[in-house]
Amino acid sequence: MKGFGTHRHHPTSLVTPPVAKSNLTARMSRFTTFFFDLDGTLIDHFAAIHRAHAHTMTQLGLRPPTLAQVRQAVGGGLELAISRLAGPDHVAAALPIYRAYWDATMLDDVTLLPGALQVVTTLQARGAKLAVLTNKLGTSSRLICDHLGLTPFLHGIFGAMDTPWLKPAAEYAAYALDQIGAAPATALMVGDSPYDVQGAHNGGFPCWVVTTGTHNASELRAAEADAVFTDLFALAAALD
């Protein structure tokens, strides 16, 4: 992307077979719609998420999880994360504790990942439509995007509880496309997890992923990501 030359970037990206680099070049020119995941893709929110889960489990008399355990548990929505960390029997009791604490602390320790602002700025300047498609609570996602200055670049911010669906449901992707007036043939998902890959593929469009979130390159290749990159700078270089 133009404008990235003055920023740190990794010149070598990790491209996932079976999509060869020449094929990526041929396909990328059609992308005019970009869906971004939040946690691990555009933002680093894991400290706050870990703190909220630790508080919740302590209140329930359970041993608080490690940061590594929380990173492994998230991605499929709050209920699934609590179920993985505290056990299915504790989800009903944990939800109100977590949500009250989260509402009071969610804007603490949230930062943009390196390259995030440059990516959205450059893509918007090219005339692309950008949106957030996340399994994070929609109300929280909109507050966080406002707080970090992302909202002016976005045509939509779609999260949990905004619809009956979460990633990887095909209906969720279809809803988001309809809301911003875009077609699958123009779209690319940018994420960091198998949920992003599966959600994009179920919606009829490819997914490029970065390894700045919850999964490493091998795991993302196994999930059949269309391309895997070290970070947003490397992904941006492929789009340039």
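Glu219 lies in helix α10, helices here being DSSP runs of H or I of at least four residues and strands runs of E of at least two, both numbered from the N terminus. The model is a predicted one, in which local features need pLDDT of at least 70 and side-chain atom pairs count only at pLDDT 80 or more, whereas totals for chains, interfaces and linings use all residues. Residues are numbered from 1 along each chain as its sequence is written, and side-chain values use heavy atoms, with hydrogens and water left out.

At 38% relative accessibility, Glu219 counts as partly exposed, a class that lies between buried (under 20% relative accessible area) and exposed (over 50%), as computed with a 1.4 Å probe on protein chains only. The C-alpha atoms of Glu219 and Pro194 are 8.1 Å apart in space, although 25 residues separate the two in sequence. Thr214 itself is placed in the loop between β7 (207–210) and α10 (217–222) and is buried, its relative accessible area being 17%. Its side chain is joined to that of His215 by a polar contact of 2.7 Å; such a contact is a pair of N or O atoms within 3.5 Å, of which, within protein, one must be able to donate a hydrogen and the other to accept it, and residues adjacent in sequence count only if both atoms are side-chain atoms.

Just after α2, Gly61 takes a positive phi of about 80°.

Strand β4 also contains Thr134, which is buried at a relative accessible area of 2%. A polar atom of the Thr134 side chain lies 2.9 Å from the backbone nitrogen of Lys136. With residues up to four places away in sequence not counted, Thr134 touches several residues, among them Asp37, Leu38, Ser141 and Tyr172. Between Ser141 and Leu38, 103 residues apart along the chain, the C-alpha separation is 7.9 Å.

The largest pocket holds about 490 Å³ of space. Of its 29 lining residues, the closest to its centre are Gly77, Leu78, Asn135, Lys136 and Leu137, and α2, α4, α5 and β4 each supply at least two residues of the lining. On a 1 Å grid over the protein atoms alone, a pocket is an open set of points with protein on both sides within 12 Å along at least five of seven lines, a 1.4 Å probe being used, and lining residues have an atom within 4 Å of a point; grid points are joined across faces, edges and corners, and the volume is the space filled by probe spheres set on them.

Definitions and conventions
Contact = heavy atoms within 4.5 Å.
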